[in-house]
Amino acid sequence: MTAITKTDVLIVGAGPVGLFAVFELGLFDMKCHLIDILDRPGGQCAELYPEKPIYDIPGWPSISAQGLVDKLLEQIAPFKPEFTYNRMVSSLERLEDGSFRVTTDENEVFEAKIVVIAAGGGSFQPKRPPIPGIEPYEGKSVFYSVRRMEDFRGHDLVIVGGGDSALDWTLNLQPVAKSVTLVHRRPEFRAAPDSVNKMYAMQEMKQLEFQVGQVTGLTGSDGQLASATIKGPEGDVEVPCTRMLPFFGLTMKLGPIAEWGLNLHENLIPVDTEKFQTSVPGIFAVGDINWYPGKLKLILSGFHEVALMAQAAKRIISPGERIVFQYTTSSTSLQKKLGVVD
Amino acid sequence: MTKLTFIAHDGTHFDVDAENCSTVMENAIRNAVPGIEAECGGACACATCHVYVDEAWTAEVGEPEAMEEDMLDFAYDVQPNSRLSCQIKVRDALDGLVVRVPARQG
């Protein structure tokens with residue numbers, strides 16, 4: 001039996017809004033656990049544009065996206081949030097006592113009184129490459145990540161892409177595969193120069209093939225690939241291909257949350273603007289993933305949303321308890337929670 | 001105002017007035033041109049505002065910088081005249097620019 005992680009609030013998504021939710025919930029003594037599909041906190045700020053400045057965070061005329069994430073982590077540290085990375089939430093069920101049981105794609109189980117969906121544009125997932133008719137092969141002979149190198153032993157492998165994932169797997173799977181063809185749109189690579197040099201050296205020794213071009217067609221049957229057509233500068237080339245690994249970056253998809261029985265509005269989750277609660281009491285949605293009349297996808301709007309959400313969450317967790325509105329500037333009890341007074 | 005024309009994948013023309021210094025992508029979004037997604041909001045981080053620059057304009061528009069070339073690796077059906085529209089700034093010399101929207105964004 002898998003151990004169950006229990007927490008007051010389970011936050012789906014560790015982007016800026018999910019992180020600040022820890023702060024607002026923490027002021028009301030609610031303990032938070034965050035789950036994110038990425039391997040680190042920050043969401044889009046960390047994954048898409050860490051170096052880019054943001055100009056509309058109140059009080060910060062300019063702050064880099066990663067800088068904001070770092071400051072938020074510092075700000076929520078007193079509340080000791082727990083993080084689970086590299087996981088996608090898959091299923092959610094309501095228990096008899098009204099709390100929620102959430103399971104991840106790796107079958108970890110969490111139980112929480114409150115669920116806060118702060119999933120931004122959805123979970124980052126590998127982008128499907130622009131190859132017509134690729135769908136039937138996915139999961140059978142086309143894979144977007146390598147779980148076990150053995151799965152590629154003895155195969156004619158085509159790797160598509162020019163970043164570190166593509167080059168690293170080209171080098172690592174070369175000794176295992178029957179043949180390796182690396183396909184990239186141009187002879188310049190985003191990958192580390194050292195890996196690129198190693199790849200060229202192996203090509204020189206005829207241990208692998210490198211083709212400039214784009215994969216335009218596949219042949220095979222019953223999900224099993226046989227060959228791939230590569231359109232290059234000198235026309236079409238057909239290469240044997242029984243396994244393919246395309247690395248075309250990440251895109252965002254709502255994913256399994258769409259199956260949680262919440263009302264949806266064009267892949268967004270409608271909420272009220274008093275509590276930011278979804279159609280299921282106890283499940284809240286904040287930040288870019290929610291929708292309400294006048295919604296703006298701004299980080300600062302998300303910060304406002306979590307402040308109000310925290311009040312509503314507290315009423316669910318501690319029914320009947322009077323909620324005292326306090327300022328961090330003057331409240332000794334809040335300052336104690338923040339660890340700034342003894 | 002600088003005139004831009006977007007040609008959607010179904011052939012529909014969108015003639016728009018663009019302010020100088022805005023990006024071609026921003027004008028597509030502002031005018032609801034179908035097929036321009038701009039998932040990342042213009043940070044050159046997603047390749048979902050991919051367009052084909054009309055052959056008559058490729059020289060004036062110019063070549064993508066290295067970072068944009070890198071992002072174009074993630075785009076669908078990349079051609080020599082492919083650009084990310086968030087990286088093209090509108091200026092007087094682009095008055096009359098024509099760009100085509102690809103069949104899909106990634």
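How many residues does the contact take from chain B, and how many from chain A? I began my notebook with this question, keeping in mind that the model is predicted. I found that chain B gives 13 residues to the contact and chain A gives 16 residues. I then sorted the side of chain B that touches chain A by class, and wrote down seven nonpolar, one polar and five charged residues.

**Entry: helices α1 and α3 of chain A**

Next I turned to helix α1 of chain A, residues 16-27, and helix α3 of chain A, residues 65-76, which pack with their axes 9 Å apart and at an angle of about 20°. Angles under 35 degrees count as roughly parallel, and α1(A) is therefore roughly parallel to α3(A). I noted the crossing of α1(A) and α3(A) as left-handed. When I looked up which residues meet there, I listed A:Pro16, A:Leu19, A:Phe20, A:Val22, A:Phe23 and A:Gly26 from α1(A), and on the side of α3(A) I listed A:Leu68, A:Val69, A:Leu72, A:Leu73, A:Gln75 and A:Ile76. Sorted by class, this contact of α1(A) with α3(A) holds 10 nonpolar and two polar residues, and no charged ones.

**Entry: the sheet of four strands**

I followed an open sheet of four strands in chain A, whose order is β12-β11-β10-β16 and whose pairing is parallel. At its edges I found β12 (209-212) and β16 (243-246) of chain A, each with a single partner strand, so one side of each has no neighbour in the sheet. On average, and with direction ignored, neighbouring strands of this sheet are turned by 20° against each other.

**Entry: helix α5 of chain A**

Does the span of helix α5 of chain A agree or disagree with what its 12 residues should give? At 1.5 Å a residue, α5 (residues 193-204) should span 16 Å, and because its end C-alpha atoms are 16 Å apart, I wrote that the two agree. Just after α5(A), I noted that A:Lys206 takes a positive phi of about 60°.

**Entry: the sheet of three strands**

My last entry concerns an open sheet of three strands in chain A, in the order β13-β14-β15, with antiparallel pairing. Here β13 (214-221) and β15 (235-240) of chain A stand at the edges with a single partner strand each, so that one side of each is left without a neighbour in the sheet.

I then went through the pairs in turn. Strand β14 of chain A, residues 224-232, is joined to β13(A) by seven bridges, and the two run antiparallel. Across this pair, A:Gln214 stands opposite A:Lys231 in β14(A), while A:Gly217 stands opposite A:Thr229 in β14(A). These strands, β13(A) and β14(A), form a hairpin with two residues between them, and in the turn A:Asp222 has a positive phi of about 50°. On the other pair I noted that β14(A) and β15(A) are antiparallel over six bridges, with A:Ser227 opposite A:Pro240 in β15(A). I found a hairpin here too, with two residues between β14(A) and β15(A).

Conventions
Residues are numbered from 1 along each chain as its sequence is written. Chains are lettered from A and ligands numbered from 1 in the order in which they are written. This is a predicted model: local features need pLDDT of at least 70, side-chain atom pairs count only at pLDDT 80 or more; totals for chains, interfaces and linings use all residues. Two residues are in contact if their C-beta atoms, placed from the backbone, lie within 7 Å. Ala, Val, Leu, Ile, Met, Phe, Trp, Tyr, Cys and Pro count as nonpolar, Asp, Glu, Lys and Arg as charged, and the others, Gly among them, as polar. Two strands pair if DSSP finds at least two bridges between them. The expected span of a helix is 1.5 Å times one less than its number of residues. Axes are lines fitted to C-alpha atoms, for helices over the stretch in contact, and angles run from 0 to 180 degrees between N-to-C directions. Angles under 35 degrees count as roughly parallel, over 145 as roughly antiparallel, 65 to 115 as roughly perpendicular and the rest as oblique. A crossing is left-handed if the near helix is turned anticlockwise from the far one by less than a right angle, and right-handed if clockwise.
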